[in-house]
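Welcome! Open your viewer, have the selection tool ready, and let us walk through the model together.

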Amino acid sequence: MATFKDFRNNVKPNWCPGCGDFSVQAAMQRAAANVGLEPEQLAVVSGIGCSGRISGYINSYGFHGIHGRSLPIAQGVKMANRDLTVIASGGDGDGFAIGMGHTIHAIRRNIDVTYIVMDNQIYGLTKGQTSPRSAAGFKTKSTPAGSIEQAISPMEMALTAGATFVAQSFSTDLKDLTALIEAGIKHKGFSLINVFSPCVTYNKVNTYDWFKENLTKLKDIEGYDSSSREMAMQTLMKHDGLVTGLIYQNTERPSYQELVNGYSETPLSQADLKLDQEYFDKLTAEFV
Amino acid sequence: MINQLSWKVGGQQGEGIESTGEIFAIALNRLGYYLYGYRHFSSRIKGGHTNNKIRVSTTQVRSISDDLDILVAFDQETIDVNYKELHENGVIMADAKFEPKKPEDTKATLYAVPFTEIATELGTSLMKNMVAIGATSAVLDLDIQVFEEVVNEIFGKKGQQVVEKNMEAIKSGFEYMKKQLGSEATMQLEKADGNKRLFMIGNDAIAMGALAGGCRFMAAYPITPASEIMEYLIKRLPEVGGTVIQTEDEIAAATMAIGANYGGVRALTASAGPGLSLKMEAIGLSGITETPLVIVDTQRGGPSTGLPTKQEQSDLMAMIYGTHGEIPKIVMAPSTVQEAFYDTAEAFNLAEEYQCPVIVLSDLQLSLGKQTVEPLDFSKVEIRRGKLQTGELPELEAKGYFKRYEVTEDGVSPRTIPGTKNGIHHVTGVEHEETGKPSESAANRRAQMDKRFRKISNVQFNTPVHKNAPHEEADLLIVGFNSTRGAIEEAMGRLEQDGIKVNHAHVRLIHPFPVDEMLPLVQSAKKIAVIENNATGQLANILKMNVGQHEKIEKILKYDGNPFLPHEIHSKCKELF
């Protein structure tokens with residue numbers, strides 16, 4: 001059986017020292033081993049940006065696509081091979097700006113893909129511009145007088161879009177994060193895990209210390225019930241979204257694959273591509 | 001006796017104009033006639049003039065006819081818009097309900113037939129279309145029993161009484177019109193051969209070709225005139241375990257299809273101009289990651305929303321060069337419904353063999369024009385998967401990656417799909433080395449660019465040019481692509497009668513351009529006329545780029561939203577001499 005070390009490759013990440021993404025990578029590798037995967041049974045699809053490079057740092061099948069499109073690519077991979085474990089990942093710009101349309105529709109479609117967002121509230125690879133997760137007033141190169149736009153609340157947004165698995169974590173909480181990724185992989189349907197992953201170079205506001213001060217762990221809230229969408233929404237609003245843990249899970253709604261009419265039990269990637277003559281004759285008979 | 005006929009039915013959109021044409025055409029197709037349909041419609045659901053023009057012939061026809069024999073009108077607008085197409089022995093049959101008026105400058109005969117009144121007396125005005133079919137049969141001296149089978153199929157589900165009522169409507173229309181005609185000569189059609197052929201639109205053939213070619217997944221977004229491809233596959237793919245996802249946008253459609261192809265299933269996406277514009281970045285991704293991808297572009301009037309329900313062939317340059325940067329790509333352009341079937345099936349082979357995007361270019365008239373098609377030969381469809389690795393692979397070195405982008409002589413590298421043991425590699429739209437890891441090295445960049453372009457330096461395609469070249473030395477070579485083929489063929493016949501020696505080349509593989517096939521034809525012609533539905537002469541320019549001979553190449557262009565008519569090509573070509 002593979003261990004987390006089997007999911008390591010020999011590529012040195014080009015992230016800055018201290019970047020939160022290192023821990024996210026480690027948590028993904030641990031979670032993959034913990035759920036019993038072999039490296040070839042995992043496909044990691046990522047977007048563009050610092051965090052988008054993650055698919056190249058894990059010893060598994062990896063697809064580094066185009067900006068904002070990790071989710072449609074990942075859903076295509078999963079539809080082609082329903083036996084694969086598919087993780088999509090990228091930054092907050094990738095998932096909540098250029099790719100926001102795909103995020104909402106992946107949530108409501110509910111294909112069995114786990115989406116991990118490395119949320120640093122800033123654009124890093126382009127050297128420090130505002131992101132849709134930047135708070136109002138946040139000063140960056142593109143908002144020298146402070147952002148005048150409202151930040152997106154991705155967890156609330158996911159709940160209203162009909163998400164069946166919504167979680168949030170902090171990159172330093174390696175154990176909790178690993179457990180959440182495992183739960184996301186096991187969840188039948190789409191799972192969204194937003195991870196606060198501080199940018200040590202360009203974001204001097206949302207630092208490791210800032211998160212430590214401002215985050216509340218859901219397991220510390222007495223009576224929190226992650227099967228209640230209503231409680232999830234109220235708690236998020238009360239804490240301005242700054243909570244970590246499993247926010248909401250619906251285990252009753254079937255995944256997209258289970259609902260598709262006629263969808264093959266064996267992966268489509270193994271389908272016999274040749275039709276038989278009898279079936280072809282049936283196809284043409286429609287047009288006589 | 002006549003051996004061909006042109007019939008048109010028109011009215012307001014949403015009045016059942018299309019189904020009237022459909023019933024008439026299916027019945028005649030089953031008698032063994034060749035049909036070719038053209039729908040004039042607008043980008044709205046109810047209201048607005050629409051018409052369905054159907055050509056009937058005892059021999060294969062692939063073009064709209066120049067003129068019109070019979071016009072069935074459900075409103076005055078239909079007469080006013082279309083009467084000029086009628087020749088002097090033409091017949092207008094118009095619903096008496098709107099008190100039709102015949103324009104002064106036509107010699108055609110107008111009959112006011114109480115379509116609505118007869119239908120209402122029989123139970124519902126909805127059957128006025130059936131009355132019109134009956135009246136048409138009287139003019140053609142056609143036995144109305146030929147419609148019984150079709151009426152049964154369409155209305156059988158609603159019960160025997162509905163079938164009988166509809167047949168009665170046809171009969172009443174027939175009898176009424178017979179009385180009106182009296183001893184007037186009818187337009188009696190020569191008997192057809194009775195052979196069974198298919199009657200379908202290009203989009204049906206594209207979708208069926210995809211299915212036969214092993215496509216098991218489609219991601220698409222609705223758009224005119226491509227949606228029928230998706231609708232067909234939504235119906236059929238579940239029968240073979242596959243499925244279609246209607247995505248949130250065109251970008252998702254293209255990238256999801258890329259993900260699915262990377263995952264190992266043959267996947268398709270199809271759209272028209274605006275959708276293709278949105279897919280461009282994804283096409284580049286497919287190119288640099290060498291992920292197979294089949295994309296259908298059913299051209300319509302552009303740019304932007306342009307003329308969404310009209311004919312145009314203006315995406316050519318965008319399809320060849322579109323996406324930023326440079327990638328290997330194959331662009332094919334079937335010219336008939338049969339070719340649309342075989343070429344789409346073959347596109348999936350080429351996509352896997354050359355590991356690049358393959359664009360199947362169609363145009364509105366080919367995609368939506370319903371026509372008679374000779375039976376399709378399924379035994380001609382092959383499944384070839386190129387260098388896809390299916391057997392067991394040698395163990396990789398510790399932490400090593402499979403050389404997915406190995407520099408090879410033919411440029412094509414071995415390919416593994418996720419799930420394959422010892423096949424792990426990285427895929428990225430960033431320039432990369434042989435295992436897929438990002439690399440900015442100049443030497444590697446040259447090696448990978450050269451490797452990718454080597455792949456398409458020798459594309460093997462069955463018939464890159466459809467040639468009808470009876471002359472060793474021709475006065476004129478006519479060049480076209482997609483749906484102009486039929487109109488060119490008819491114009492060619494007339495030019496030959498005028499004493500002009502004409503060769504015809506219809507380009508089926510647009511890119512890489514078939515220079516070896518085209519050059520001798522160009523060299524042996526005194527003049528070249530390139531026929532295309534666009535304003536700038538894109539194919540003519542491509543021809544000049546590839547074979548030179550600029551001084552001989554003339555552009556004959558039409559960009560008003562309508563397909564070429566044979567007489568237009570005939571007269572424009574004559575002007576060259």
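Which strand of chain B is joined to strand E2 of chain A, and how many bridges join them? Select residues 61-64 of chain A: this strand, E2, runs parallel to E15(B), and three bridges join the two. Strands pair when DSSP finds at least two bridges between them. Now pick Phe63(A), which stands opposite Val427(B) in E15(B).

A word on what you are viewing: it is a predicted model, in which local features need pLDDT of at least 70 and side-chain atom pairs count only at pLDDT 80 or more, while totals for chains, interfaces and linings use all residues. Residues are numbered from 1 along each chain as its sequence is written, and chains are lettered from A and ligands numbered from 1 in the order in which they are written.

Next, show chain A by itself. You will find 10 helices and 10 strands; helices (H or I, at least four residues) and strands (E, at least two) are DSSP runs, numbered from the N terminus. Along the principal axes, its C-alpha atoms fill a box of roughly 70 × 45 × 40 Å. Of the 288 residues of chain A, 50% are buried, meaning that 20 or more other C-beta atoms, placed from the backbone, lie within 10 Å of the residue's own.

Finally, bring chain B back. The contact takes 50 residues from chain A and 55 from chain B, with two residues in contact if their C-beta atoms, placed from the backbone, lie within 7 Å. On the chain B side, select helix H9 (250-263), one of the elements giving two or more residues. H9(B) provides the largest share, 10 residues.

Notes. A residue is buried if 20 or more other C-beta atoms lie within 10 Å of its own, exposed if 12 or fewer, and partly exposed in between; C-beta atoms are placed from the backbone.
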